[in-house]
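This briefing sets out selected structural features of one protein chain, grouped by topic. Please read it alongside the sequence and the coordinates shown here.

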Amino acid sequence: MTNNNTAPRINFAKAAPKAFKALIGFDAAAREGLDPALVELVQIRSSQLNGCAYCLHMHTSDARKAGESEERLHMVAVWRDAAHFFTPEEQAALALTEAVTLVSQGGVSDEVYARAAAHFDESGLARLLALIFTINTWNRIAISTAKVPGTDERASR
């Protein structure tokens with residue numbers, strides 16, 4: 001999604017600090033106990049689907065720093081056709097990520113939900129869903145406020 005707007009947009013973190021801090025807390029709670037590699041894969045896939053260049057840059061960079069291979073990063077967008085690059089758990093999480101991110105295009109099918117539930121206990125599945133909710137929110141914040149890819153501001157918080 002290209003932003004051709006030359007007018008500056010709000011800094012969400014400064015304009016709504018309580019909401020921003022609440023989202024940071026929700027995001028941290030969602031990640032707790034989930035495999036860090038899985039977290040990045042979910043965030044990358046959702047960011048791809050939402051067209052959020054800012055978040056996609058951030059999470060591919062984070063994944064690389066955490067030791068993720070370039071090969072797997074290149075395959076996230078086509079994970080179904082490159083399933084052998086991903087564990088069954090990761091595949092189930094990616095399918096759920098797509099269904100929740102694209103919820104208006106058919107909801108979350110019983111099949112997709114059951115596949116994820118087969119790999120995650122109830123608490124893990126709830127945290128995975130929360131993670132998907134948070135990355136979708138972060139994507140919408142970044143797109144709406146025209147965040148520029150490559151300008152990760154997390155260090156300045």
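Helix α8 comprises 23 residues, and its first and last C-alpha atoms lie 33 Å apart, close to the 33 Å expected at 1.5 Å a residue. These values come from a predicted model.

**Helix α8 and the segment after it**

- Ala130 is located in helix α8, and it counts as buried because its relative accessibility is 10%, below the 20% cut-off.
- Setting aside residues up to four places away in sequence, Ala130 touches Phe26 and Ala30.
- Ala130 and Ala29 are 101 residues apart along the chain, yet their C-alpha atoms are separated by 8.3 Å.
- Ala146 follows α8 and has a positive phi, near 55 degrees.
- This residue, Ala146, belongs to the segment after α8, and its phi is positive although it is not a glycine.
- Most residues other than glycine have a negative phi.

**Nonpolar cores**

- Which residues touch the most other members of the largest nonpolar core? They are Val42, Leu96, Phe120 and Leu128, in a core of 27 residues.
- Two or more residues of this core come from each of α3 (36-50), α6 (88-101), α7 (110-117) and α8 (122-144).
- Val42 is in contact with Ala93, Thr97, Leu128, Leu131 and Ile132, when residues up to four places away in sequence are not counted.
- In soluble globular proteins, nonpolar side chains tend to be buried together.

**Helix α4**

- The end C-alpha atoms of helix α4 (residues 53-65) are 18 Å apart, which agrees with the 18 Å that its 13 residues should span at 1.5 Å a residue.
- The buried residues of α4 are Tyr54, Cys55, Met58, His59, Thr60, Ser61, Asp62 and Ala63.
- The cover over these buried residues includes α2, α3, α5 (70-75) and α8.
- Gly67 follows α4 and has a positive phi, near 100 degrees.

**Cysteines**

- How many disulfides does the structure hold? The number is 0.
- Cys52 is buried, with a relative accessible area of 1%, and Cys55 counts as buried at 4% relative accessibility.

**Asp27 in helix α2**

- Asp27 lies in helix α2 (residues 17-31).
- Is Asp27 buried or exposed? Its relative accessibility is 7%, so Asp27 counts as buried.
- The side chains of Asp27 and Thr134 are joined by a polar contact of 3.3 Å.
- Leaving out residues up to four places away in sequence, Asp27 touches Gln43, Thr134 and Trp138.

**Gln91 in helix α6**

- Gln91 is part of helix α6, and it counts as buried because its relative accessibility is 14%.
- Apart from neighbours within four places in sequence, the contacts of Gln91 are Trp79, Ala83, Phe86 and Arg115.

**Ala13 in helix α1**

- Ala13 sits in helix α1 (residues 12-15).
- With a relative accessibility of 27%, Ala13 counts as partly exposed.
- The C-alpha atoms of Ala13 and Glu90 are separated by 31 Å, and these two residues are 77 residues apart along the chain.

**Annotated domain**

- UniProt, in an unreviewed entry, lists residues 17-98 for "domain: Carboxymuconolactone decarboxylase-like".
- Within residues 17-98, the chain is 73% helix and 0% strand.
- The end C-alpha atoms of residues 17-98 are 29 Å apart.

Key. Residues numbered from 1 in each chain as written. Predicted model: local features only at pLDDT ≥ 70, side-chain atom pairs only at ≥ 80, totals over all residues. Heavy atoms only, no water. Helix = DSSP H or I, 4+ residues; strand = E, 2+ residues; numbered from the N terminus. Buried < 20%, exposed > 50% of the residue type's maximum accessible area, 1.4 Å probe, protein only. Polar contact = N/O pair within 3.5 Å; in protein donor to acceptor, adjacent residues only side chain to side chain. Contact = heavy atoms within 4.5 Å. Core = buried A, V, L, I, M, F, W, Y, C linked by side-chain atoms within 4.5 Å. Disulfide = S-S within 2.5 Å. UniProt positions renumbered as here; feature names shortened; annotations may be inferred. Expected span 1.5 Å × (residues − 1).
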